[in-house]
Amino acid sequence: MKFTVLTLFPEMFETINHSIIGRASKNKKIEINLVNIRDFSDDKHKHVDDTPYGGGAGMVIRPDVVYKAYKSVKNKESKLIYLSPKGRNLNQEKVKELSKEKNIILLCGHYEGIDQRVLDEIVDEEISIGEYILTGGELPAMVLIDSISRYVEGVLNEESVQDESFSNKYLEYPQYTRPETFNGKKVPEILLSGNHKKIDDWRKEQSLIETYKKRPDILNKEEIEMAKELINKNIMKGEN
Ligand SMILES: C[S@@+](CC[C@H](N)C(=O)[O-])C[C@H]1O[C@@H](n2cnc3c(N)ncnc32)[C@H](O)[C@@H]1O
């Protein structure tokens, strides 16, 4: 998977050059190619933005500079995603879908955004990482790189991706590690049993309970009833 990022602030991407994504990059499971949009300015001072036509606050990034940057990296396989608060909200399904691409170009806006004419010409998809405004598209681009890379073969072990929240509709079951007792609270007995079938069943139940408690909006009526029943059953057993 190759990510090409068109940005005015490539140095911000040092942040993802660590841990799992940094390792994936070093091991050539993914490639992150940073392209500074400013390098494509013909202006002797390397200006890339100007005031908005019609007036208003802030600066808008010029279409010609973005277009040249795009042309320098575009190929037949690439898909251009503009990170934008106006885009479709990112979710796990979208992440999974994008992980099937081979070559993703991520266009990061800044200031008041980018001239609409070049967006109309080059953007395949607009993606938002939430209904709030950030100062630039760099953090959203990193969110995309991180979340998509986790699905790229060899970046994580497959099991980690399968069991997680949103991968199977429900949120993930609670996780525990050593010590066995922490501040007087014991790890659920079943996890120490070594019985994989029972552990698996328990985790499935806990997944539903967790989703009911934290995101009931993603459950249907039947699932809500099932979660309530499980909670009652566990209360009777003195477990919840
Ligand atoms: C200050 S924002 C521009 C907002 C724009 N004036 C508007 O009201 O829609 C600057 C850049 O940050 C990025 N950005 C801001 N919020 C975002 C979000 N929630 N998701 C994705 N990108 C975002 C976009 O690339 C945008 O061009």
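Which residues of α7 are buried? Read on to point 4.

1. First, the ground rules. This is a predicted model, where local features need pLDDT of at least 70, side-chain atom pairs count only at pLDDT 80 or more, and totals for chains, interfaces and linings use all residues. Numbering runs from 1 along each chain as its sequence is written.

2. The largest nonpolar core has 40 residues, and L6, L106, L107 and I145 have the most contacts inside it. A core here means buried Ala, Val, Leu, Ile, Met, Phe, Trp, Tyr and Cys residues joined through C-beta atoms within 7 Å. Among the elements giving at least two residues each are β1 (2-7), β6 (103-108) and α5 (138-149); helices (H or I, at least four residues) and strands (E, at least two) are DSSP runs, numbered from the N terminus.

3. Take L6: beyond its neighbours within four places in sequence, L6 is in contact (C-beta atoms, placed from the backbone, within 7 Å) with V35, I37, A69, Y70, I105, L106, L107 and C108.

4. Now for α7 (residues 196-214). Its buried residues are Q206, S207, L208, I209, T211 and Y212, where buried means 20 or more other C-beta atoms within 10 Å of the residue's own, with C-beta atoms placed from the backbone. The cover over them includes α8 (221-236).

5. Finally, the ligand. β5 gives the largest share of the shell around the ligand, four residues. Of the 19 residues around the ligand (C-beta atom, placed from the backbone, within 6 Å), L83, G109, L134, G137 and P140 come nearest.

Notes
A residue is buried if 20 or more other C-beta atoms lie within 10 Å of its own, exposed if 12 or fewer, and partly exposed in between; C-beta atoms are placed from the backbone. Two residues are in contact if their C-beta atoms, placed from the backbone, lie within 7 Å.
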